[in-house]
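Subject: Model handover

Hello,

Here is the structure I promised to pass on. Please have it open while you read my notes below.

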Amino acid sequence: MIKRVLITGANAGLGKETAKQLAAHPEVEEIYLGCRNIDKALAAKSELERITGKSVFRIIQIDVCDHSSIRAAVQTLDRSIDALIMNAGGTGGKSFDRINSDGVTEIFAVNLLGHSLLTQELLKAGKLTKIAIYAGSEAARGVKEMGMKRPDLPTSSEAEFAAICDGSFFGKSQDATVPYGSIKYMGALWMSAMARQHPQIKFITMSPGATTGTEGFNTLPIFKQYMMKGMMQVMLWLGKVHKVEVGAGRYIEGLFNKELKSGIFYASKKGLTGAISDQSTLFSDLSNEAYQDNAYRAIQRFL
Ligand SMILES: NC(=O)c1ccc[n+]([C@@H]2O[C@H](COP(=O)([O-])OP(=O)(O)OC[C@H]3O[C@@H](n4cnc5c(N)ncnc54)[C@H](OP(=O)(O)O)[C@@H]3O)[C@@H](O)[C@H]2O)c1
């Protein structure tokens, strides 16, 4: 039974829609909305209560780019959670490649470093009991339709992964979509390493798939924003992307589908929508245990 779930980035987009869908599950008793901004969290909570007619939502203030905020959030949790949905993330804002005080880029911090620390702290405190879902992306295995290449790591060594963390791997790029795919790839590898280290917990990387109706592109430069939003709208008409209800539905499937296996990265079998499959059948590096451990160890350097 999954009774208590924490979702990061729950005040908008996929996170908020997931909270809404979870409230309809009779076994779910408490949904923790992990948000960095209290005003946005309060607005999301009252909207969710109004739409669902349920009072199962609690707010946990958490900024996944701030380690002290993460540690405080874990302490604040008065009971253990059964499930964690690591959803906060995206293209990292206007200064996505700025190095923060932990020595990693903003885009790495929001998508991966903070969630690694959060999972580690929850496990240390005995406050995560059943399942962790990480928001993956098809960008981790390349997306021809969007002009995104598959991450190309010559050796997949620990040093190479560390260079993804601090951004040095990418040189001077003005395009957040370049590091994004490699970071999501590294996230999937990290999850697989965690699955082997903690066999009592299920670790599933799940891509919501190409999802319209979220705020995901809002921090891109204005030209890129219009280009991406326009392209998504056309792709929605063509049936090549889906709405937020479908994207959030994938997280829900990750939580409740007992057929899905720990340590596997699930995303669209083909393209960016439709049926899901184990992505290592499309990109075999994902199932390489040495690469998984290298990604894990590189992250540990920054924690
Ligand atoms: N949409 C897609 O097509 C798609 C496809 C594949 C994967 N994904 C992944 O799905 C996840 C959600 O994407 P989305 O499209 O729903 O994005 P979104 O609408 O922009 O929502 C992102 C959420 O993350 C929160 N957030 C950002 N930085 C944070 C931080 N430092 N600490 C805590 N919360 C933070 C945002 O809060 P604020 O309002 O405070 O900024 C917001 O609630 C991301 O990990 C994304 O990479 C999305």
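Start with the salt bridge between the side chains of E106 and R98, with N to O at 2.3 Å. A salt bridge here is a side-chain nitrogen of Lys or Arg within 4 Å of a carboxyl oxygen of Asp or Glu. E106 is buried at 14% relative accessibility. R98 is partly exposed at 46%. Buried means under 20% relative accessible area, exposed over 50%, and partly exposed in between (1.4 Å probe, protein chains only).

Keep in mind that this is a predicted model: local features need pLDDT of at least 70, side-chain atom pairs count only at pLDDT 80 or more, and totals for chains, interfaces and linings use all residues. Residues are numbered from 1 along each chain as its sequence is written, and side-chain values use heavy atoms, with hydrogens and water left out.

The structure holds 15 salt bridges. E121 and R71 form one of them, at 3.9 Å from N to O. This pair links distant parts of the chain. E121 sits in helix α4 (residues 106-124) and R71 in helix α3 (residues 67-76), 50 residues apart. Helices (H or I, at least four residues) and strands (E, at least two) are DSSP runs, numbered from the N terminus. E121 is buried, with a relative accessible area of 12%. R71 is partly exposed, at 39%.

D175 pairs with K224, and their closest N and O atoms are 3.5 Å apart. D175 lies in the loop between α5 (158-165) and α6, and K224 in helix α7, so the bridge ties together parts 49 residues apart in sequence. Both ends are partly exposed: D175 at 23% relative accessibility, K224 at 21%.

There is also a network of salt bridges, which links E30, R58 and R79.

R4 lies in strand β1 (residues 4-8). R4 is buried, with a relative accessible area of 9%. Its side chain reaches the backbone oxygen of S80 at 2.7 Å. Leaving out residues up to four places away in sequence, R4 touches E29, E30, Y32, R79, S80, I81, D82 and A83. Contact means heavy atoms within 4.5 Å. Two of these partners, E30 and R79, belong to the salt-bridge network. For scale, R4 and F302 are 298 residues apart in sequence and 29 Å apart in space, C-alpha to C-alpha.

E29 is in the loop between α1 and β2. E29 is partly exposed, with a relative accessible area of 40%. Besides R4, E29 touches K3 and V56, again not counting residues up to four places away in sequence.

Helix α1

Is helix α1 (residues 13-23) enclosed or open? It is largely enclosed by the rest of the structure, because 8 of its 11 residues are buried. These are G13, L14, G15, E17, T18, A19, L22 and A23. Their cover includes β1, β2 (30-35), α2 (38-52), β3 (57-61), β4 (81-86) and α8 (244-256).

Cores

The largest nonpolar core has 70 residues. Helix α6 (residues 177-197) gives the most to this core, with 11 residues. A nonpolar core is a set of buried Ala, Val, Leu, Ile, Met, Phe, Trp, Tyr and Cys residues joined through side-chain atoms within 4.5 Å. F108, F161 and M186 have the most contacts inside the largest core. Neighbours within four places aside, F108 is in contact with L113, I164, C165, I183, M186 and I299. A second, separate core has 30 residues, including I7, A19, I85 and I204.

Surface patch

I222, F223, Y226 and M227 form a nonpolar patch on the surface, with about 500 Å² of accessible area together. M227 lies in helix α7 (residues 222-237) and is partly exposed at 38% relative accessibility. Patch residues have over 30% relative accessible area and no salt bridge; nonpolar side chains (Val, Leu, Ile, Met, Phe, Trp, Tyr) are joined within 5 Å, like charges within 9 Å. Areas come from the Shrake-Rupley method with a 1.4 Å probe, and for residues only the protein chains shown count as cover.

Best wishes

Terms used:
A polar contact is a pair of N or O atoms within 3.5 Å; within protein, one must be able to donate a hydrogen and the other to accept it, and residues adjacent in sequence count only if both atoms are side-chain atoms.
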